[in-house]
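Welcome! Let's walk through this structure together, one step at a time.

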Amino acid sequence: MATRLKDTDVVIIGLGAAGGVAALPLAQAGLDVIGLEAGTWLTRRDFAPDELRNNYRGWPQGVQKANQEIPTSRANASSATAPRGTIHPMQNAVGGTSLHYWAQSWRLNPWDFKVVSETKRRYGTSRIPAGSTVEDWPFGLDELEPYYDKVEYEIGVSGQAGNVGGRIDPRGNTFEGPRKRPYPMPPLRGTEFIEKMTVAAKSLGWHPFPGPAAVNSRPYQNRSACMYHGFCNRGGCHVDAKNSTAVTTIPRAQATGRLKVVTRAHVTTIEVDNGGRVSGVNYVTDGVEYFQPAKVVLLASFTYENTRLLLLSTSKAFPGGLSNNRKQVGRHYFSHHQGAPVTALFPFDLKSWYGLPAQGVAVDNWADDNFDHANLDFIGGGNLWVMSDRRPIAAAGMNTFGRPRWGSAWKAFIKENADRSHSSYIQKTTLPYEDNYLDLDPAEKDPLGYPVCRITAEFKDNERKIAAFTQDKMEQWYREAGAVAVNRAPVGGAMGISTHAYGGTRMGDNPETNVVDRFGFSHEAPNLGILGASVMGTSGAHNPTLTVQALAWRTAEHLVSNWKRIGT
Amino acid sequence: MTFISRRDLLKRAAAVGAVPLATTSHVGALFQGGHDVRPERADLQRDATAPREPLENLTAAEADLLDAVVARLIPTDAAGPGATEARAVHYIDRALGGPLASSRQAYTSGLAALDRYARSSHGKAFAELASADQDAVLTDVESGKAAGFTGAATFFALVLSHTHQGTFGDPYYGGNAQFVGWDLIGYPGVRTMVTAADQQRLEKGELKTNHKSAYDYDAFTKASGKTGAL
């Protein structure tokens, strides 16, 4: 029998990028908040500049709860399940994956909120891809802008604004929606190669600009500026210059005296009372079961676990899983099409051994609806991103452009070329489809005996056409900068497990097709809020984290303003 | 001190009577290699005295065979030291008892299958074959065409990946000895800070290579600092 703990106002499941942000406005408003985190605190000492540890051994994710419940994956209902990986792409820790993510902190563009209506308006209804369940968001960018702004200043984001109050600045992203004010910090510095790529983009008539990063380009809030030492990709920051929630919003929320952080809390289910309201959360630590009662539960455990916990939380009121009486939990799933990279070989060293993946030059000319699709056979597009990020083991494993992969010829090749290749990162519009979904795996279980999440999803024609189109643009860009060889990866098949996983608890006004309302609260269990990209109905062509954080702040603020109605 | 090739190392060891645990098949493979060329750079020199250390996971025969394999994957040749000098097998042997433990069985069966295929296709144990024949065997294993070797391509990819880790990973883990892997690809070294001036030096080819492990920095060792709550 679980030990019943003292009641609290709000319990947050997961203190990562989303939950860690939501805790702050709640605590500042005087609500008592308990943050249940499966991982532990990690500190600067845990973040060694060690590629083996970060990128091959899953440290500091190596002892993670998430690694024991990695979802299974298959392309579609009739294909075989792929072998499960051994390292979950996300990590459990106070701060979650915001400790070791790339920290690219993009806003979505205006079109991403209005994909259906804008596509119909500009190109006609027939241009919505067949089988897609995409909907407009219940609001536009203007509604989210104040929250983007709050988060950018609260955690610290460096970047170059391209549109302040409608004034276009060609040094920034000229396609971005209007923002109230510039970024709180200037962009991260460039390198010779980034500059070369910037010049090449301009000569093609494109609009290159430095990307936004939740990394300090100068000291911010008494934390250091970035050291550019080169171990940011799946590595935590040894000087706290990466603005994870573990060094920003969470300690600030703790300082109010209202946030209690409970580490190593492995949440198993959410409890529901006879009236269909959630009443608290069950969790296990070292084999001991606890029940944490709460007036409101905020679920913030990443897309796969959000879906799984809802489906595992069955009750009289919700026999098919919490908030799933309309069978929408797990639907509208998609993972960002970030694959299909283009790799180029240059006849000169790029001097890319240091830096970070959030340091680079972006082109948005071929993203979203920033170009005319009238004569194209797809909608959406991709953000082209060229960053400074190279580590030795990965460099040795570089694409050899058709040459042998080992032996003396290979060795001579990498001796000359280890610092001469570059792989682009192209994030592409990805849509939800009728037959892409998450559910519980019928066979695989975690160590506590609960089924793991199962992904059934594949990229469709629209995503593959965007991939081929953006590969053309990327190759053009590399060639303009002097590349002598270019290799394109296949355009994509099964979606598989991803750090950019969306849907499963989509947000929208229509309760028949969405799990949460426009403020992130369940259509069916009114005191259950859901945070994370699981509420997002479109991906845009940019990293989701800042949008997730802006939404989390907005949900928390809504809860504070409506505490009497939602919390009691 | 000059660069000591494996062949010289064995000769020298024999001369002083401290014969290392090398099999005759080893010596055979080395002498038929034809790739033992001395690198020119003095900073690639390696101490000839092999440290006294056990095989932690591989058997002696498995280690000998794996030595011969990695010596073909990243050979010691005109481009400098290879996986042998990096001590990639030492890295793999240690890691198989820890982070790579799930691969232990793959080495047991894969190495046995590889040797069996060498005998069936070329009539000799892998380590006794001439380099060109060893390469032919490995090419068949890589492409999955090695008859009677189920999962050959997967095993090859596994070994190649671990050989990269043992050659280009942080030296703390027992490979990349004397930083030979990092020097091969021109990696200028682990730093905890790269200033704008450092980056400009790098771009001008003036940045001094920093031969350091991550754990040469106190900040990341057990000894340092104070940690907060769990």
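How much of chain B counts as buried? Of its 230 residues, 43% do; a residue is buried if 20 or more other C-beta atoms, placed from the backbone, lie within 10 Å of its own. Please keep in mind that this is a predicted model, where local features need pLDDT of at least 70, side-chain atom pairs count only at pLDDT 80 or more, and totals for chains, interfaces and linings use all residues. Residues are numbered from 1 along each chain as its sequence is written, while chains are lettered from A and ligands numbered from 1 in the order in which they are written.

Now take a look at α8(B). Its 17 residues reach 24 Å from the first C-alpha to the last, close to the 24 Å expected at 1.5 Å a residue (the expected span is 1.5 Å times one less than the number of residues). Because 12 of the 17 residues of α8(B) are buried, this helix is largely enclosed by the rest of the structure. Among them are Phe155(B), Phe156(B) and Leu160(B).

Finally, turn to where the chains meet. The contact takes 42 residues from chain B and 37 residues from chain A, two residues being in contact if their C-beta atoms, placed from the backbone, lie within 7 Å. On the chain B side, α3 (60-73), α8 (152-168), α9 (180-185) and α10 (196-204) each supply at least two residues.

Key:
Helices (H or I, at least four residues) and strands (E, at least two) are DSSP runs, numbered from the N terminus.
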